[in-house]
Every structure is written in structure tokens, then in C-alpha cells.
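I am opening a notebook on this structure.

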Amino acid sequence: MSDAGAKKPTFRTQVREFAEDFFGKEFTRLNGKQQSEAVLRYYLRHVYSHTVEELSADEIDEGYCDGTDAGADFVRRDNGRVVIIQAKYRSDGNAPEILDSITHFQDVLRRLHPEHGRSANKNQKLADIVREIDFQQDTFHLEYITLGRLQESAAAALSQGIKEIGDLPDLQSRATLAFFDETGLNTQLRIALSQSGGIPESVELFVAPVTGRSSAVIEIEAPHRTLLGVISGTVLANAYRQFKEPLFTLNIRSYLGRTKTNREIVATIKNRPEEFLNYNNGIACVCKSYAWEPTSRRLVAHRLQIVNGAQTVRCLVAAGAALTDGVLVAFKLTAIEDYYRADEERFYSSVIRYSNTQNVIKDVDFRSNDPVQIDLQKRFAELTFRGKRVHYQIKRTDKKPGGAVYTIGIGELCKNLYAFFYNPIDFASSSTFLFDDAEGRGYARLFGDGRSVYTAFDRDQFNEYSAAWFLCALAAEWRTVERKELVAKGKHLEAAALERTYFIFVALRALITKKAGDADWKAELRKLWKPDWADDPGSRKYVAARELYELARGAVTTCYQEASKGDGFNHRNWTRSERTYETIRSYVANVVPEKFISSL
């Protein structure tokens, strides 16, 4: 089929393909629960991870807790932010979503609350997660996603947000509720797919005149050239129609859909257009440079990015024919000469942070310009893995190289390598630890000497990281296959032991250290730095790597089964305990026979 005749991917078709691969069955043979699980897992891995925060397969497994009437399919708490998602598969995209299901979800926080939700049935996994939530301080982000259709009555109900809890009067101010039906999910998928679409080279805008008043534009030349003005909503809507999602490539939060706030924005556009300027906070942009012509009021911005105001712009578009030139929007544009370069990174990051005080900050985005990351990207680009060029994606703005590529995400690399070289406990409750460059914190340890960050790696350091990544990547693949088989066979205890791959990485490191000794284990590891060995399952290195994995998996499973026999055993606590880390290392050191560990 020609490209012209190819259909754009839809969320529904992508879910079906994902489900058949994940469950190993034809989609029509899956039960309703499995189909809804596929919707959730596909969304988390291929949409949410690209538009909100990157989640690993382990983190998705850990947060998946369906099987209760509490109405929460996925719950994740990280750094005081709680994400709760409910997913529904509907075979008919025109079937209206059940209103009772929606209103039930609106009250999910009450059912999860330790006091108000005592009578709500929760499985052990969900109960363990909920026990960590601080209902007095945490912020909450809730999403209801469905392949059905949201009728106006259902949309109106959801637009009211979460239901209140009497003794938590500020809860609504700390919670957002987003909802996506099939149309919305297709939009979110398009946003996710376009995140790497690049930044527009040049965007032409016309700043709105304000008749009978003083100039609507103020220009400040130093320390960074900045233009403050008012722009017509129709100009912004047309710019979005022309460039679409690449306008928001550096934005740290994607469109939240038909939330209460967004419905109010659209309502203001339709009913009180003359007051929009006063009711709305406007948009904040950065660019590499701009040309401003006061007479024509023509503004040409090079490499423009809207870093705050994506919700506003998309609502202007959503207003359709109701949007007129009378809708004015406050507008700030700051020129940061190469804002994607490391020497401007601190100022650029601050602009985004302070423009988004209410939003999720993706700390990983603020590391993508570091010289050490650019150096690693260049080094990985020289490798091939399973016949594909290796691409280390350090920015969502990266365009992947042409042809078949094997992509390594910066977030997953940091998690896997920190678990391997250090431990998985430090970042278990706060992934921001990995991107903190303060002394002794994750980023300074991973990419520096623990006190400061390097500008580049030497050859041995890179080879160690390359070897560890590819060894861990294969171990993660093997673990995923085995865990599915265990679940299918009903061996849930063994499957639970393998929920978090990070402890297998801990055991891998301990096994190599035991074989080669404290002085030589890194040299032993470096033998795997060039991943051509992974292309040949019969090669000595591949066989040795597989043996290392089987020993590591055995160590983790044995330690888990022993721990589960104790009184008051808590699965979630086990996966986050420093004692678990030490127990696995001790098991490898004292129980695994050295003679069974092959040299690499």
C-alpha cells in the first residue's frame, strides 16, 4: 500500500495489536477484563509516558491493581503526587459510557481514604499503595479513559471534578480530573506520536492592536530580549492548525482533555469573549530569536515553543466558529539564543519551572541539554543492537535517525543503571532523585563523581554503562516473558517476585562481582560493551549472560519466597526495602556457588 493510502494509527487499532502481543491471544479471545487492561497498559506505555511522565514496565506493573470495586485500575504515588487511572474497553465506539461508572470514579478518593473508605473492598496491592498516600498534603491527578463515547450528561458530570470530602475542604484544589473517550484518546495518541516531530523553524504571528488605548506591546531588551503583548485568539488557533503539536514539544504537560477548567475556558470564549483577557492567564513562549515590526505588528519567531498555555491554545481551537478576533490573549515571548544548549539551560529551565508552578515538572527534560548527555548520545550512536542503530533519546524533541533504530530513553537508562551500579531503593518513592545533581544525589552519582557532573565520559566509563545497559535490557526481556508464563500458569507468588526487574539487576551486579572480585568486576563487565554478542544466542557471551540472568532470577525468587513466609509480609514494602537489597546481595555472596558463574 502506498503512503497516500495508508491509514493513520488509531488508539483502538493500536490497543488491539498491543493486546495480542501482550497476552499472546487473538483479541477476540480475550475477556472483558483483559481488554480493559490492554487499554490501560497501552495508554500508560505509549501515550502517558510520552506526554506526562515516563513510566517503565516495572512501574506500570507495580501500579496496576485492578480487581476491586474501589474503582482504581492504576495507582502511582511519586514525590507526593498521586496518579489514579480507570480504563474501560468498549467494543462499540459509539456506545455511550455508563454514567454510573463515571460518577463512581469521581468519588474514588473517598473510597481510597483510610477512614472514609474503610468499607470499600481493596485488594492487598491497592491497600498497600493507598497506605502511603498523604491525603492532607498530596496532589492528585485522576483520569477516566474509555473507548466508549461520552454523552453530554456524562461529560457535564465529569466536568465538575472530584467529589468533595467534608474534612478535606482543599482537596478539589489539589486534584485534577481528566477524561478521554475514543476521540480524546486518538488526540492523545497523536500528541504522543508527534512529540518527536521537531520544533517549527519559523512561526509568523500578528500581535493584536488595542484601539483607543496605549500600545499593546512592551519590549524589553535585556538581560533577555522579551516581548509582552496581547494577541488575538484566532491568530493562536490558526498557528496551532498549521503546526499542531510541535508548538508544544518542550511543554511539560500535555492537553488534559475536557476538564472542568478547560470547559470553563471554552465557555468564556463563547459567552464572555470580551472578558477573556481578564479571566485567562495567557501564554508564555520561548524562541531562539524573533523579528518584531511595530508598524505592521508582524512578529516572526524562530523555533517558537509555547511552554505554558497549551490548554488555552487548544481550547481556542476547540471553540470552533465561536472564536472571534475579539478574544484577546496575554502573550509573553522570551528570546533565548540556543535555549537547547547547556550554557542557557539554567535560565531556560527556570522560565519553564516558574511558568508552570501548578504543573508536573519533568526533571528529565532539564537534563537533556547537559554536555554529558550529548556525549553519551554520540557514543551510543556508534553502536548497533540486533541489526538496528542505537539511538539514545535524551530529548522529546529528538528526531530518530532514519531506518530501523533501537531507542534508549534517558529516564529508563537512569533507573536501570542506578539500580545496577547502586541500588533501586533510593529512587523508589521519588524518581526526581535520579535527576538531582546535588552532592550524593542520583544524577551526580550516575553522571559524575558524586559531587559534580562530568562533561563527558572516558572510554572505560562509557563501556561500563553500555555493557550494563544491554545486559539489563536483555534480562528485562527474559523476565517479562517468564513472568507472563508464571501468571498464565497461576504461579502468582513466583510472578510477584519478578514484578520489579531492578532487583534482578542488583543480583546481576553481585554475581559479576563475585566471579571477578571487587578489583576486576568492572573489567569483566566491560567485555559486554559492544552488543554484537546479543545477536547470536549461541555465542559464549550470550550464553554466559543468560546464565547470569537465571542465577539472578533464582536469587530474587528465593529471597522473595522466604520473606513471604514471615508474619506481616508486605509485598510493596519488600520491593522498596533496603533490607531486601542487602538480602539479595548476601544470598549471591554466600549461597550461589562461584563455579556455576561463567566468565564473560
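**Entry: one phenylalanine**

Leaving aside neighbours within four places in sequence, which residues is Phe 385 in contact with? I note first that the model is predicted. I then list the contacts of Phe 385: Val 390, Tyr 406, Phe 470, Leu 474, Pro 531, Ala 534 and Asp 535. I looked up where Phe 385 sits, and found it in strand 13, which covers residues 384-385. Buried or exposed, I asked of Phe 385? Its relative accessibility is 1%, so Phe 385 counts as buried. I also checked one of its partners along the chain. Phe 470 is 85 residues away from Phe 385 in sequence, yet their C-alpha atoms are separated by 8.7 Å.

**Entry: the whole chain**

I stepped back to the protein chain. I count 23 helices and 15 strands in it. The chain has 600 residues, and 55% of them are buried. I then turned to contacts between residues at least 6 apart in sequence. Of these, 72% join residues at least 24 apart. The surface came next. The chain exposes about 26200 Å², with 47% of that supplied by carbon and sulfur atoms.

**Entry: helix 1**

I picked helix 1, residues 11-23, and checked its length. Its 13 residues, at 1.5 Å a residue, should span 18 Å. The end C-alpha atoms are 18 Å apart, so the two values agree. Which residues of helix 1 are buried? I find Phe 11, Arg 12, Val 15, Phe 18 and Ala 19. These cover an arc of only 125° around the axis, and therefore lie on the same side of helix 1. I looked at the face turned away from that buried side as well. Glu 17 and Asp 21 are there, and both are exposed. What follows helix 1? Gly 24 does, and its phi is positive, near 70°.

**Entry: cysteines**

I searched the whole structure for disulfides and found zero. I then took Cys 285 as a case. Its nearest cysteine sulfur belongs to Cys 287 and is 8.3 Å away. A disulfide needs the two sulfur atoms within 2.5 Å, so Cys 285 is in none. I checked burial too. Cys 285 has 2% relative accessibility and counts as buried. Cys 315 is at 0%, so Cys 315 is buried as well.

**Entry: aromatic rings**

How many aromatic pairs are there? I get a count of 33. I looked at the pair of Phe 420 and Phe 421. Their ring centres are 5.0 Å apart and their planes stand at 80°, so I log the pair as edge-to-face. Phe 420 is buried at 1% relative accessibility. Phe 421 is buried too, with a relative accessible area of 11%.

I turned to Tyr 560 and Phe 569. Here the centres are 5.3 Å apart and the planes are at 85°, so this pair is also edge-to-face. Tyr 560 is buried, with a relative accessible area of 3%. Phe 569 has 27%, so I log Phe 569 as partly exposed.

Last, I looked for a cluster. Phe 420 and Phe 421 belong to one aromatic cluster.

How values were computed: Residues are numbered from 1 along each chain as its sequence is written. This is a predicted model: local features need pLDDT of at least 70, side-chain atom pairs count only at pLDDT 80 or more; totals for chains, interfaces and linings use all residues. Side-chain values use heavy atoms; hydrogens and water are left out. Buried means under 20% relative accessible area, exposed over 50%, partly exposed in between (1.4 Å probe, protein chains only). Helices (H or I, at least four residues) and strands (E, at least two) are DSSP runs, numbered from the N terminus. Contact means heavy atoms within 4.5 Å. Accessible areas come from the Shrake-Rupley method with a 1.4 Å probe; for residues, only the protein chains shown count as cover. The expected span of a helix is 1.5 Å times one less than its number of residues. The arc is that of the directions from the helix axis to the C-beta atoms. Rings of Phe, Tyr and Trp (its six-membered ring) pair if their centres lie within 6.5 Å; planes under 30 degrees apart count as stacked, over 60 as edge-to-face and the rest as tilted.
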